[in-house]
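I set out in these entries what I looked up in the structure, topic by topic. The order follows my own reading.

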Amino acid sequence: MVDKVVQVAIHDLKRNETGNLDTVLGNAQLDVSETVVRVVNQIYSMYASKASKAHGRFSEDVANYPAQTYVGEFHESGYSAFSELTEKLMATLTVQARRKAATGGHVLFAHLERDQDTYLLVAIINDKLGALLTKEFDMADVNHLDLDGFRFAGRVNITAWRAKEDRYIGFLKGKGDVAEYFKEFLGCDTTVQEISDTKTLIRILEQFADPSENNVKDKHEFLQRAYDICERHVRNSEPLDFEAFANELFPEKPDRLTAVLGNPDLALGDGFVPSKRALSALVRFKAKTSDWTVEFDRSALATGKIVYDPDKKTITLYELPADLIEELDRERE
């Protein structure tokens, strides 16, 4: 849910008689009614729940990808030039959609506020045929917005962009090359950072498996299975698909896991091959000081071979190997 829906505009991306897509400017400043707020919140929630996203930053090539310039002008205007912003973005969207043979639809732009950050949300929605029961108890056809079926949406965290954060743009990846036009439209550079992305994935999985969350019965077993799946992707150099990953890792309720993985505030997109070096943290603890080094599997905690005392901040090792015992005994003598 968003804290405040500030401004909303609706335009159309429509195919003409020659088969080309045209911009059809609609209402550049809708009244922010209860219905508009409900629709925007539903779209935002649906966007947030989808796991297959990509995240990045504005491309430095502003000549070919002008969205950054337009959003910057919107910010400099004190967020008052909303109609100008949406009309310029529509022109850019139309150009990119023509290149990828996109189908078009209604284009919704929403200026939002959430958790003290300012966002621009863009979604392409199509109509859906339904039925209406009339006052005479007859049925009539009615077209309505297919809010559950939209495939293209993107979000720009303007506050994070102005703060020079690393990733502040997210968009639904969809399937095939056609979805790429939304990336081009936003001018988004989605450089993959395997090590940092793998570390973020591990933090998400550990939090999801925490007993206080009541998601999984056995945290150790869950994280070990996650490691096995990711390690297979490393061996095969196969990028992760979060929907397939959630179905395999948590088949009981995969939607619950995909909603966490797809949280747009975490800015973690799928489509990367996990880092083998970073992946070991899923099943292994490792620490080093100037005097000692310790490394052990997570399973050692589960089986009691290593015991951690949170009060004393110490660990106790059990079942030491015979050669280490002999060396320690000699040293003691």
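**Entry 1: surface patches**

I began with L328, which lies in helix α12. Helices (H or I, at least four residues) and strands (E, at least two) are taken as DSSP runs, numbered from the N terminus. The model is a predicted one, in which local features need pLDDT of at least 70, side-chain atom pairs count only at pLDDT 80 or more, and totals for chains, interfaces and linings use all residues. Residues are numbered from 1 along each chain as its sequence is written, and side-chain values use heavy atoms, with hydrogens and water left out.

I noted L328 as partly exposed, at 46% relative accessibility. For this scale, buried means under 20% relative accessible area, exposed over 50%, and partly exposed in between (1.4 Å probe, protein chains only).

I then looked up the nonpolar surface patch to which L328 belongs. F285, L301, Y308, I315, L317, L320, L324, I325 and L328 make this patch, with an area of about 720 Å². Patches are made of residues with over 30% relative accessible area and no salt bridge; like charges are joined within 9 Å, and nonpolar side chains (Val, Leu, Ile, Met, Phe, Trp, Tyr) within 5 Å. The areas come from the Shrake-Rupley method with a 1.4 Å probe, and for residues only the protein chains shown count as cover. Both β14 (314–317) and α12 supply at least two residues each, and α12 gives the largest share, 3 residues.

I found a patch of negative charge on the surface as well, where D323, E326, E327, D329 and E333 gather. Lys and Arg count as positive and Asp and Glu as negative, while His and the chain ends are not counted. The place of a charge is NZ of Lys, CZ of Arg, CG of Asp or CD of Glu. E333 lies in the segment after α12 (322–332) and is exposed, with a relative accessible area of 82%.

**Entry 2: salt bridges**

How many salt bridges does the rule give? I recorded a count of 15, a salt bridge being a side-chain nitrogen of Lys or Arg within 4 Å of a carboxyl oxygen of Asp or Glu.

One of them joins D166 to R57, with the closest N and O atoms 3.4 Å apart. D166 sits in the loop between α4 (158–162) and β9 (169–172) and R57 in strand β3 (residues 53–58), so the bridge ties together parts that are 109 residues apart in sequence. I noted both partners as partly exposed, D166 with a relative accessible area of 40% and R57 at 33% relative accessibility.

In helix α7 (residues 219–236) I looked up R225 and E221, which are 4 residues apart and therefore separated by about one helical turn. Their closest N and O atoms are 2.2 Å apart. R225 is partly exposed at 23% relative accessibility, and E221 is partly exposed at 39%.

R235 and E231 form a salt bridge with a closest N and O distance of 2.2 Å. They are also 4 residues apart in helix α7, about one helical turn. R235 is exposed at 54% relative accessibility, whereas E231 is partly exposed at 22%. I then recorded a network in which R114, D115, R155 and D265 are joined by salt bridges that share partners.

**Entry 3: aromatic pairs**

My search of the whole structure gave 12 aromatic pairs. Rings of Phe, Tyr and Trp (its six-membered ring) pair if their centres lie within 6.5 Å; planes under 30 degrees apart count as stacked, over 60 as edge-to-face and the rest as tilted.

Why is the pair of F74 and F82 classed as tilted? Their ring centres are 5.8 Å apart and their planes lie at 50 degrees, so the pair falls in that class. F74 is buried, with a relative accessible area of 1%, and F82 is buried, with 0%.

F242 and F272 form an edge-to-face pair, at 6.5 Å centre to centre and 85 degrees between the planes. This pair links distant parts of the chain, 30 residues apart: F242 is in helix α8 (residues 242–249) and F272 in the loop between α9 (254–261) and α10 (276–279). Both F242 and F272 are buried. I also listed one aromatic cluster formed by F152, Y181, F182 and F185.

**Entry 4: positive phi**

I looked up Y79, a residue other than glycine with a positive phi near 65 degrees. Y79 is in the loop between α2 (67–76) and α3 (82–99).

Q116, not a glycine, has a positive phi of about 70 degrees. I placed Q116 in the loop between β4 (105–114) and β5 (117–125), where Q116 is exposed at 81% relative accessibility.
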